[in-house]
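Open the structure in your viewer and get ready to select residues.

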Amino acid sequence: MLEGRILVSAIMLIAFAAAVGLAFTYAPEARFLPLVIGIPGLLFSIIQLIKELRERPEPVVTSEEQRREGRMFAWAVLYGVFELFLGLPLFEGLVFQWIFG
């Protein structure tokens, strides 16, 4: 099975390669900025993908991490059910009020 970090590195490599390739279809005046951003991104993506392919650590997931992930997922499901599906607002909390007024 393809690991997530390898998949993300490959997607970033494809995105930067497409951006650099597409930049060469622009007029000479317009291709400078996409190339300035795209070429270093492409090089770093290649390096990252090679690094990810070389080292494959065994993922160690503890039962505590599984419980925490389960709680976070349950919280997201509850938000989706109440806020999005039913249209019932949940308590926003103090931090939300401080940030968004």
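Which side chain meets Arg5 in a salt bridge? Select Glu52: its side chain and that of Arg5 pair at 2.2 Å, N to O. A salt bridge here is a side-chain nitrogen of Lys or Arg within 4 Å of a carboxyl oxygen of Asp or Glu.

Before going on, note that this is a predicted model, where local features need pLDDT of at least 70, side-chain atom pairs count only at pLDDT 80 or more, and totals for chains, interfaces and linings use all residues. Residues are numbered from 1 along each chain as its sequence is written, and side-chain values use heavy atoms, with hydrogens and water left out.

**Stop 1: helices H1 and H2**

Color residues 4-23, helix H1, and residues 32-54, helix H2. Helices are DSSP runs of H or I, at least four residues, numbered from the N terminus. Arg5 sits in H1 and Glu52 in H2, so the pair links distant parts of the chain, 47 residues apart. Glu52 is buried at 11% relative accessible area, while Arg5 is partly exposed at 25%. Buried means under 20%, exposed over 50%, partly exposed in between (1.4 Å probe, protein chains only).

**Stop 2: helix H3**

Now select residues 63-85, helix H3. Find Glu64, partly exposed at 33%. Its side chain meets Arg67 in a salt bridge at 2.8 Å, N to O. Arg67 is 3 residues away, about one helical turn.

Next, select Arg68. Its side chain also meets Glu64, at 3.9 Å, N to O. Shared partners join Glu64, Arg67 and Arg68 into one network.

**Last stop**

How many salt bridges does a search of the whole structure find? It finds 3.

Notes. Helices (H or I, at least four residues) and strands (E, at least two) are DSSP runs, numbered from the N terminus.
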